[in-house]
Amino acid sequence: MTDAPQSAHQTATDDPVEALRKRLGRLRGRELWHAIEELAESPALHRWFEETFPRHSAAMAEAVNRRQFIQLAAASLALAGLGGCTSQPREHILPYVNQPEMVVPGHPRQYATALTLGGLARGALVETHTERPTKIEGNPLHPASLGATDLFMQADVLSLYDPERATSYLRGGVLSSPDAFISDYLREWDALRANGGAGLRLLTGAISSPTLTTQIQRWLDIFPAARWHWHEPAHGTGGRLGAQLAFGRDLQPVFHTDAAEVIVALDADFLTHGPAMIPQARGFIDRRRMRAGTTTMNRLHAIESNYTATGAMADERLPLRPARIPAAARYLADRLGVASGGGDDDGLTPFQRRWLDRAAADLRAHAGRSLLLAGEYQPAAVHALAYAINQQLGNFGTTITMIPPPLTGTPDPHASLAELAEAIDAGEVDTLIMLGGNPVYSAPADLDLGNRLLKVRQRVYWSLYHDETASYANWFLPAAHELEGWSDARAFDGSATIVQPLIAPLYNGWTPHELLAILAGEPRVPGQELIRRHWSGRLDGEDPEEAWRRALHDGIIANSASHPEMPPMATDLPRRLFEAWAREQPAAPETLEIIFRPDPTIWDGRYANNGWLQECPKPMTRLTWSNAALIAPATADRLGLANRDIVELELDGRVVEAPIWVLAGHAPDCVTVHLGYGRRLGGRVGAGHGFSAYEIRATSNLWQAIGARLRRIKTGPPLAAAQYQIQQGEREFALQGNLENFRDDPEHFIHLHHAEEPVTDLYPEGAGLFKNEPLSWGMSIDLTACVGCNACVVACVAENNVPVVGEREVVRGREMHWLRIDHYIEGPADHPATIFQPMLCQHCEKAPCEYVCPVKATVHDEMGLNVMVYNRCIGTRYCSNNCPYKVRRFNFLSYANENETRALQYNPDVTVRMRGVMEKCTFCIQRISRARIDAKNEGRPVRDGEVTTACQSACPTRAIEFGNLNDPESRVVALKQEPHAYGVLEELNTFPRISYLARVRNPAPAAEEDVSPS
Amino acid sequence: MEQGLDNVRSWGLLAEFAEPEQLIAAVRRVRAEGYTQVEAYSPFSIVEVEPALGLPPTRLRYAVAAAGFAGAGLGYFMQWFALVYQYPLNIGDKPLHSWPAFLPITFEVGILFAALTAAFGMLARNGLPRVHHPLFAAPHFERATIDGFFLSIEANDPRYKMPDTRTLLESLGPRSLTLVREEFEDVAHATVAPEPRP
Amino acid sequence: MAQLFHRSANSVFRLTLLGLVLLVMLAGLAWSQWLQSDYIMGTNYPIIQPIPFSHQHHVLDDGLDCRYCHATVEISSFAGMPSTHVCMTCHSQIWTDSPMLAPVRESLLTRRPIPWVRVHDLPDFTYFDHSVHVNKGIGCSTCHGRVDMMPLIWKTETLTMRWCLDCHTQPELFVRPREEIFNMEYVQPADQLELGTRLVREYGIRSLTQCSTCHR
Amino acid sequence: MKKLRQEHPALPPVLEPNQDYGRLVDQVSGVILRQPAPRFWWGGFLLGLSLLMIFMLSTLLLFGRGVGIWGLQVPVAWAFDITNFVWWVGIGHAGTLISAILLLVKQDWRNSINRLAEAMTVFAVTCAGLFPILHLGRPQVAYFILPYPNTMELWPQFRSPLVWDVFAVTTYFTVSLVFWYVGMIPDLATMRDRSRNRLARRLYGVAALGWRGAARHWQRYRTAYLVLAALATPLVVSVHSIVGLDFAVSVVPGWHATIFPPYFVAGAILSGMAMVLTLAIPLRAAYGLHNMITARHIDFMCYLAIATSLLVGYGYFSEAFFAWYSGSGYERFMMADRIMGDYAWAYWGLILFNVLAPQTFWLAGVRRALPLVWVISLVINVGMWLERFVIIAGSLSRGYTPSIWLNFRPTIWDFATMLGSMGIFITGMFLFIRLLPLVTIHEVSELVHHQKQLEGRLGEVAR
């Protein structure tokens, strides 16, 4: 793995082997053996082993050694023989011993449950084939899902089957058993009870589960002296702490984007980030579905430092270095007549002031229907000020409400983690029980939790993976995946869902409930009973059994959402703010700021071992398999840096080596790094990619810090980007225009060069097959609605058994995604306008790929689909060469994963492709066939909307519509008749079946004239 | 010299000349004498010999043409049968019977058939392969592929008569003159020494 | 100069050439026949099963309906295989200690499924749906043969793509009335063609010969 | 003899004067019969063998691991593989040109080099024929592309240029082989009668099918040979036209051009000529064939090179012109990218090697300096390879969709396979030199005959 950052090895603590030699050198006889026994227990040694003998990298090595050579010889000979062979290996049918009712082999079933991100639930419907979860869809009844999913939900099913999940109970790194842990724990029970659990500490992740909360409460009642800390590396505290500042109460804001006509986002990626992303994006997009006759749409002003997908969706965007964002908030406050408690010197340029003036005017003009949306990673003061401004505008109750936080425990976990560290130093911690979160890896570097842990006697760690923290624990307990056990969870708005298992635990791991039950001294209580016990009597409905069934069936507990509260604004807010501003560090122009953010695809690192997410190109950068230090072109010029440069990134004396990625649109004078990479343990897929930003992140400044330094040290290998060319120039791929032009003339508000000359066709009558077919499939994609969140990409991968190829193959340009989100930017590098374009097989009527195939491996069928017959393909790749959209993907090597655990996820209705065949989007033909056969069996036509493609059903904003073009009533036909519908590369007479609706932007009046100074 | 060799029927007489011109002259002379079973042998093709021998033009080219057209027809039919008749599929929405696309293969198959006919037809009409031939037993005949120019009159020629024929040939001043014998199993490779030149 | 070859060499040479040509032709013919032989196609010889289950006995003698064991044939792509419990519904009463049925009892005790061997095994890239065929008037015996005459089960049809296409191009030659689907003794009437054409119209059968009908 | 020269003042003679049938045969057969083989031969043969080993290894790895061992990707799904294919086919064409077309137009100077050229064709086309199979993702089912009755009732998709390729290349290979063999039958007979070793005589005897040089045989032989030439001539044009159509038929910018077929044929002949020179010059020196392969041959081949390089140059120009004149932004961009983009080095390289370098042949001085001619011929070979590479990989890397643009990065196995294929060619050529007469004895003897006749007549005139 040439791509592994050096830092991974540099920052490893002093070589334990040396230490070992030193220690053993002096000893003799019995002492020596004692010493060795101690050492065998030493986590440092364990970690050293793990790091010195890493598992092989997933990517295949090129070099051929003798053994491989023999294998190859055999393989090629077999290949030669295979040609004539036609008989198949013998297969078995294994019927049930006792077939469950309702289970019909061949018919998938769906169960409602919920998956959590940062502790908060998103409702899901899990598709199971003979009780084997294979695909995750959104739950329409759930407020955080609305029938759609984000990319993490899609990928969770792969984590479930991850062959590298922790499989065994380890005591001191030695194989042990659940019972052993229970007895170990109970042995200490009396001692713990005696001193009320002093020295007993519990460290969990973010928790919204009502059951777990009560369980922890019970545990704390048993051990009054014990303490509960929680740690969520990607958790932003701004909202709740800001509420404490503004209202003196711990409340959580909920944003109702569907009610807002004007939104000003303060460093908030509310469209593609976090557990509330789906409703926020849906609401925002619902106000800008441009159809013929639409004259109005909402407007988004975005102020941000990093260039996020939300920034790309914004009609007006102001790149601002972090230190200026509070200033911008204060400026807006002043303009809107809110006491900001800040001085006048805000260091904003005249252009920035004018920009803010427009935003302020827009907010005022839409008072009551506008929203100032502060990002969760902004400091409390900014949030408090934002609350004040929203109240001044009268937005509370319409576009923003405050509710009791769905997450339980202290509002400031980061502080509580710091307390824990101090407590350890003070020797107050004797037994530490950690529930996931991988704190050793993800805790702020200043806490140096790894070495601190060694001071704790009993270190219990419960986790899905045997990760960095696991190698420090002397008791490791494998966790049950969320799809494996009973639980419950609340959504961003407080509404609760019962989480039900879709499959028995693969590695008999415990759910947190089962573990807490043990800790509370009642082992062996089944998870389901724990959950039911909690909810008995809490579910409304006279018949409890019926109520329980309903809750399970709906995947949401009726009216469990929290009720909004509107406490009065603290009278002394300006003074509090003044104090807060006073604590701000001044940011000199030349100093560089650093921004820490969770990674768009692997979050805080918990998804590091998920190949789907690793290979999913990140929005804006289009990078895969790695993070990078993102800087603006201007900054790159100033520092003399370019892509592929490896820099030493220094903050407060801590150093990490990071590759540079120049990102047009990023704010100048600051660098963004994403958390979650630089993993060393926890799976072959995740380890050895990117760098760990945690290593330079301190409790004092978790999200942004002033005074970072970049020093170029060398040129590194190319980063695995899925796209290098982001200018489309004259080419008419992703088209966009402004609202007023759309109002005036929707037909021509986008200019199409080829529109002038008429389409001439040599063979207008075509093949003359397929007269009056009932079904003819087509798709429409609304570019105004695509927020570039990648949910569709991962959904496609999950549905269609698309293989993961690994970083090295992506670098070579061999990623296998059937659906990709192309990015195209227009305008200057410091103020670019990015537009997302989902690109997939266009199923051309006159497909260039088909007539060049020598073996009829790709042909048209009677439903107008451009079908790919894998078993006929011989792999000439001519079709790919002749595809103008380059949406065909080729299995250059054996990419399909043969691991039998992982294979459990494969969709049985989709062929797993072999080496050497071409593949591409099929419009989810397996779903079409199912619908068609069902319709036939019921003797009726296929209904509109009966077939949804994986990408369509996953899309949070419903940007994708799919349907029957021969059904005049179908929605897709209506969309294709929209004035601003167009086909990409129509001028080639490919007659694509996918039409795009051009993107409509809604810039603020007088914004065009006002160009930025730079 | 015929006595004592009666059990061996003679195949004919073979005269060797040093220069092509002599051969041509000889052929003309022998033909003038009315001999029909005459053949000339040379290391390279000597065009002038053929009219002298009164050979009719070969009909090979007609066979080749026929084969060529047959092949082309077959090639076209194969494509039409496969793409139009037997399993019609919508491929790039091209017309099923897209004849322009069928032409290259039609042409190639035609050429293939024609070429093979030309080559094998030539061999067949020449009665090749024939690795054994009475002539190969004749002394010096190996020079027929190097620098010798031979003339043969077969014994089954109605005008073939000893010793007249032999005298005739001798009169043409051959480098050597041989009586070539039909062989029988018992006397394989029977040959006679060349006559000393006068 | 002496002869290089004996005179017989001429004939040998020519015959060899001729022979080579014929040999190649014959080899090709033989190979193609071999590929379609019962051995390669796996047709017409019984498959050894963990239990010598006799369809003949259960269908002909006991008169069980196909759907008693293959329960999901009308609603699912998979016809369904009887769970051990289905076997035991009867065999907990009769033949309870027959050694032949030991595997069934064992399966019930150990809760391990009975490893039946697939008889009609399509390649993994071919997707076949029983329900739609059954509902459109294709009888069991059309593809599976007279199962009621098979003491041990075997494959009667080759299941090659050509075999599928024969019916998909001309369904009227094979379709039968829905009520006859599970009738093993069903024989095509003399007027099959017009019956078939009528049924094709009634059942709305379309001859689907597109690749995507079976391959995905 | 003087007079003879005066008759053709400009041209050096096809044969040096005073040739004799016997000596000529000795000379040619000597190349084969000489024992032991000269060092030069062993050197070349071993080089070929070692390259062949490389080919074996890379093919083993290729079948074992898949085409992924090459640098291919999407969008550049064809690169070295198809480049090599087109390059080898092109080289093959000179052989047919020299033996067939020049025969039809009665260029008797061809007689002393056509055998060499035909052998070159056969082995070059062998190499070419391998790549379409090697480049497949699933070579084990390559037979899907052949029309044969099967239980799937499926036939090839005859509209695909790749199927045309299969028919064109196999036909071309078969016809070249037949042409080569038929032309060799009388010479095999010569070898049969020339060699002493009984086994050798028997082997040559079988191969010669008992040829005995009868006039009737010669008559049909000549006809058949002419007919074959007449068939091979359109064939050779069709083959590279079809190869050109592989690209012209597609919609890819930089491929979709009607000029391709003729301009590919011209390029093919240029590369072929270059390869003939590359082979003929050293062989002539090594085996002292100066009397048969004279300055005349070198000159004429240089002239052909000049002519075809000008044609190719016109092709390059018209490509650029069409790109501009078409008005298609994609085509224009493609052309601009070739001239100024990441592959500009290759583009200017091929202009230099294929268009400019051959122009030096105008100078008699250059044509006489055989080492220089040899070097230039090598340069042209490289240039023609670059041309195909630019067309294939260059065009694919900058297609319609900008988001997927990517440059091609070859792996060592790309190079291994390319060099390996040269191993097949070289090994084959050296075996041929060692086992078969590399000059057409009977045709050259015929030349001698004509020369003698001419001299005879001149003699009379003189008298």
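1. Contact here means heavy atoms within 4.5 Å, and by that criterion the meeting of chain A and chain D takes 63 residues from chain A and 62 residues from chain D. Between them these two chains bury about 5,400 Å², 59% of it on carbon and sulfur atoms; buried area is the accessible area, taken with a 1.4 Å probe, that two parts lose on being put together, summed over both. Of the area that chain A buries against chain D, 14% is supplied by A:Arg731, A:Arg872 and A:Tyr878, more than by any other three residues.

2. A word on the basis of this note: the model is predicted, local features need pLDDT of at least 70, side-chain atom pairs count only at pLDDT 80 or more, and totals for chains, interfaces and linings use all residues. Residues are numbered from 1 along each chain as its sequence is written, chains are lettered from A and ligands numbered from 1 in the order in which they are written, and side-chain values use heavy atoms, with hydrogens and water left out.

3. Between chain D and chain C, 13 residues of chain D are in contact with 12 residues of chain C. The area buried there is about 1,100 Å², of which carbon and sulfur atoms give 66%. On the side of chain D, the residues D:Thr151, D:Glu153 and D:Arg202 supply 44% of the area buried against chain C, more than any other three residues.

4. Chain A contains an open sheet of 4 strands, in the order β12-β11-β10-β13, with parallel pairing. Strands of a sheet pair through backbone hydrogen bonds, either parallel or antiparallel. Helices (H or I, at least four residues) and strands (E, at least two) are DSSP runs numbered from the N terminus, and two strands pair if DSSP finds at least two bridges between them. The edges of the sheet are β12 (316-319) and β13 (370-374) of chain A, each with a single partner strand, so one side of each is left without a neighbour in the sheet. From one strand to the next the twist averages 10°, where axes are lines fitted to C-alpha atoms, for helices over the stretch in contact, and angles run from 0 to 180 degrees between N-to-C directions.

5. Strand β10 (residues 262-266) of chain A pairs with β13(A) in the parallel sense over 5 bridges, and A:Val262 has A:Ser370 as its bridge partner in β13(A). Another 5 bridges join β10(A), again in parallel, to strand β11 (residues 299-304) of chain A, in which A:His301 stands opposite A:Val264. Helix α14 (residues 380-393) of chain A lies across β10 and β13 of that chain, running at about 175° to β13(A).

6. Is β10(A) covered on one face or on both? Both faces are covered, with A:Val262, A:Val264 and A:Leu266 buried on one side and A:Ile263 and A:Ala265 buried on the other. Buried means under 20% relative accessible area, exposed over 50%, and partly exposed in between (1.4 Å probe, protein chains only). Because 5 of the 5 residues of β10(A) are buried, this strand is largely enclosed by the rest of the structure.

7. Chain B has 5 helices and 4 strands, which follow the pattern β-α-β-α-α-α-β-α-β along the sequence. Of its 198 residues, 54% count as buried. The pLDDT (the predictor's confidence in each residue, from 0 to 100) averages 84 in chain B, and 88% of the residues score at least 70. Over residues 1-7 of chain B, however, the pLDDT is below 50, and this stretch has 9 contacts in the model beyond near neighbours in sequence.
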